[in-house]
Amino acid sequence: MFIKYRVGKLFVNPKKNIIYSRFKNIWSKKYSSVAGMPIKAALIDLSGTLHVEDQPTPDAVNALKRLRESGILIKFVTNTTKESRQTLLQRLLDIGFQLEKEEIHSSLSAAVDYVKKEQLNPFYLVSKDARTDFPPNDSDKPFDSVVVGLAPDEFHYENLNKAFNILLANKNHKLIAIHEGKYYKRKDGLALGPGCFVKGLEYSSGTKSILIGKPNEYFFKSAIAGTDIAIEDCVMIGDDTKDDIVGSMKVGLKGIQVKTGKYLPDVVAEPPPTVLVENFSEAVNWILENK
């Protein structure tokens, strides 16, 4: 059967660079608009795409090796905020992936940079491990902002109420959302993300949040800062319809959505992803065949 990859509402035979579309059960050929497009960099989501907790997705370790051997620039762009960058790196190395710390472009590290740049003294709703990446608080100064990441153990009433009162105390106090994910994938299924807590604080305090991570346009562009690679020559591989696919394609990247992690068939991207594939390994196959 010739169908291998779905491209929007069409299907691609990558070996012949032909798109097949169906109208009234009749298949017709069209030359693929994705054929021959240069792909010079791959931005890769981590949790749900490369791995789920301590398990790689199917053949992901070998697929990453094949992608490296192709010479394509690799950056890992992640909204993971539960772990410090060092802890995240060690987890990935233990799973079997080959990568360097400098290749991880996380919303957590971007938030650290933002806090330092703005010289803020935040109240942190982040995990204890993630907190180690941020500068220490100045105990001689009052809190002037709230930073929210994925922190299941910190999202209790007393902490949320404290955050609310900090924001309410001064209209210039900032609410910094490292990301606003609705949910994420764990071994036991989907779990609540930090987005609802950010939105709750927005609603209660009347403060508009500052989004740091995906799908922020700056976050995608900063991943390839310092290179001569154009944004349209990059591809984003991820499982999150809104943050990975819609966000990246809005900026100008190609979007490859995988059916692992938090992927849900009823949550449809508009516009549709460049390609919809089963997993990261198939995403690499597509890139190498269309490179």
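Predicted model: local features only at pLDDT ≥ 70, side-chain atom pairs only at ≥ 80, totals over all residues.
Residues are numbered from 1 along each chain as its sequence is written. Local features need pLDDT of at least 70 and side-chain atom pairs count only at pLDDT 80 or more, whereas totals for chains, interfaces and linings use all residues.

View 1. Asn159, Ala163, Ile166 and Leu167 of α5 are buried (under 20% relative accessible area with a 1.4 Å probe, exposed being over 50%). These four cover an arc of only 95° around the axis, which puts them on the same side of α5, and on the other side Tyr157, Glu158 and Ala169 are exposed.

**View 2. The largest pocket.** About 460 Å³ of space lies in this pocket (on a 1 Å grid, an open set of points with protein on both sides within 12 Å along at least five of seven lines, lining residues having an atom within 4 Å of a point). Of its 29 lining residues, Ser47, Thr80, Leu150, Tyr184 and Lys185 lie nearest the centre, and the largest share of the lining, four residues, comes from β13.

**View 3. The largest cavity.** This cavity, a set of grid points where a 1.4 Å probe fits but cannot get out, holds about 40 Å³ of space. Val61, Leu64, Lys65, Arg68, Gly96, Phe97 and Gln98 line the largest cavity.

How values were computed:
Heavy atoms only, no water. Helix = DSSP H or I, 4+ residues; strand = E, 2+ residues; numbered from the N terminus. Arc of directions from axis to C-beta. Points joined across faces, edges and corners; volume = space filled by probe spheres on them.
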